[in-house]
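Dear colleague,

Please find the structure that I am handing over to you below. My notes on it follow directly after.

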Amino acid sequence: MSAATPGTAPTPTPPTPTPVTPTTPATPTPAAQTTPATPATGAAGPASVVRDPYAEQAPVSGIRFLHHLNPLAKFAAPLPVMLALIFTRGVAIPLAFIVLALGLLVIGARLSGRALAALLLGVPAAILVLGFSFGIWVDPARIEGASAAASVVIFAIGDWQFTLAAYLVGLATALRITALLMLSLLAGLTTSGPELVRALVQNLRVPYRIGYTALAALRFVPRFGHELEVIRAAHRVRGTDAGRGPVAAVRRTIATAIPLLASAIRHAERVALAMDARAFGAHATRTERTISRWRVRDTAFVVAFWVVSAAIYWWALQAGLGGVTPDRTEVGL
Amino acid sequence: MRLNVPTRLLLTCAAIGAAAGLLLIPAFVLSTTVAPAIPLLYAAFAGVWSVPFVVAIALIRQPGVALLTSLIAGLVNAVLTPQGPSAILTCLMIGAMVEIPLAIGLYRSFRPWIFYVGAGVFAFPYALYSMPFLGVDQFPLWAQIAYPTLSVLSNLAGVWLGLLIARRLDRTGVARGLQRPVRRPKATDAALEPTPAA
């Protein structure tokens, strides 16, 4: 298991991914193979299946402006809002940011039909269902009996009533979670891995050896997935994977973890040796084939996003549509 | 910026992050699909996230390994999941939780109790901080008590699992040459030459 399995194993990792990888064969991106899809955004991956992420990206039309921005700008712009959302109450503010993020994605991102459908139909459906599942858990004693929404009973089982007020509290939680996810999708759906690593190395001055190690690690994932299959098959052949239930599952995971990690570390050693042999990291700086720039439009995008976010918060707090402190849990009905 | 870390150490960290992430996929899927219906499951699965970083630093025993693994794991996650760069921050935060208790001791000791105390100390305030975000502060009292309790317990379980894997991995000898040897200095052998006992 320690040796590379010829034929079935994925292509050997090129030590310095950017300059080596040929552009012609359409290698599937790692994203399409192993993404543990989150329920709301399951269709996010396939948009980039046939593109080679290490090559120059195909030109995107001018209106898809999110693809023309620096990945760091797409991350820095929503970051303050993502932090503020954690402490935000009410329905209005998260809803406003979901609409803002959806609008930016629909206009500015090149999305496949499935991704677009998941965003426009799946997200509202997920919010409504999540609002229900969070609302069930709300303690009726903690809802003010005097408010109008508390008297509207949606349904009742015996003595227990599911009121509109409980649903709105659950909905606020669901909207907060979704808003956080949507804001991180701004960068996530429009940035390829190599672009992000390039921006981190060239603009944020992350040591390039760490960035390129991460790129090499991306190529590890499908390889280790294959290795995991082999180890599981070997255990099955010997009959050492018997048993049902969570305890047996944990025991089985530990039993596969040791050989998998051991072979993973051995593989990493060989790759490191190959990279060292090609003088990876011999110099303090590194030449890049693709230059990642921070342009005026990146600054403009970040500043504009911050101004709009501040305006949304200012307007919502003025109108009393939700607070940033836990004691203002009015939902603005 | 120069980084005086052997390439072998960098790639070993990357391999641990990638392989452990692969093994934990069932746990991640379970926590993202079931947890919205039962918010308490978020707390019950919180400890899973720290397992790769505990494995890395308990196996290699070098300063900064947990943070390095978390940075690389975050970069990998940023590409593989639609969350993008936010995944880097999440991973770095968890890596720091594993790293800080050992850094306080200046990396002289890697005994299990340091990991357990660190996990407990960080898990509790983190649970309290995440409760209002998930709306747990509106839940009945038993749920408000169960949430931080489950969170601390699952973090302790994560450390247990990570240390167990690291110990067995140590026995395979794959990290030999990278590891810092275990030194257990005693007051009585102050005069003797410190001998590395693996």
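The term needed at the outset is pLDDT, which is the predictor's confidence in each residue, from 0 to 100. Chain A has an average pLDDT of 77, and 75% of its residues score at least 70. Over residues 1–50 of chain A the pLDDT stays under 50, and the model has 76 contacts there beyond four places in sequence, a contact being heavy atoms within 4.5 Å. Residues 324–333 of chain A also stay under 50, with 22 contacts beyond four places in sequence.

As to conventions, this is a predicted model, in which local features need pLDDT of at least 70 and side-chain atom pairs count only at pLDDT 80 or more, while totals for chains, interfaces and linings use all residues. Residues are numbered from 1 along each chain as its sequence is written, chains are lettered from A and ligands numbered from 1 in the order in which they are written, and side-chain values use heavy atoms, with hydrogens and water left out.

I begin with Thr256(A). This residue belongs to helix H10 of chain A, residues 245–277; helices here are DSSP runs of H or I, at least four residues long, numbered from the N terminus. Thr256(A) counts as buried because its relative accessibility is 4%, where buried means under 20% relative accessible area, exposed over 50%, and partly exposed in between, with a 1.4 Å probe and protein chains only. A polar atom of the Thr256(A) side chain lies 2.9 Å from the backbone oxygen of Thr253(A). Leaving aside residues up to four places away in sequence, Thr256(A) touches Leu228(A), Ile231(A), Arg232(A) and His235(A), together with Leu23(B).

Two residues deserve a note on their backbone angles. Most residues other than glycine have a negative phi. Arg205(A), which is not a glycine, has a positive phi near 60°. Arg205(A) sits in the loop between helix H8 (193–202) and helix H9 (208–238) of chain A, and is exposed because its relative accessibility is 58%. Ala279(A), also not a glycine, has a positive phi of about 65°. Its place is the loop between H10 and helix H11 (296–318) of chain A, and at 47% relative accessibility Ala279(A) is partly exposed.

Lastly, Ser112(A) is found in the loop between helix H5 (92–108) and helix H6 (113–135) of chain A. With a relative accessible area of 23%, Ser112(A) is partly exposed. Its C-alpha atom is separated by 23 Å from that of Pro78(A), 34 residues apart along the chain.

Yours sincerely

Definitions and conventions:
Helices (H or I, at least four residues) and strands (E, at least two) are DSSP runs, numbered from the N terminus. A polar contact is a pair of N or O atoms within 3.5 Å; within protein, one must be able to donate a hydrogen and the other to accept it, and residues adjacent in sequence count only if both atoms are side-chain atoms.
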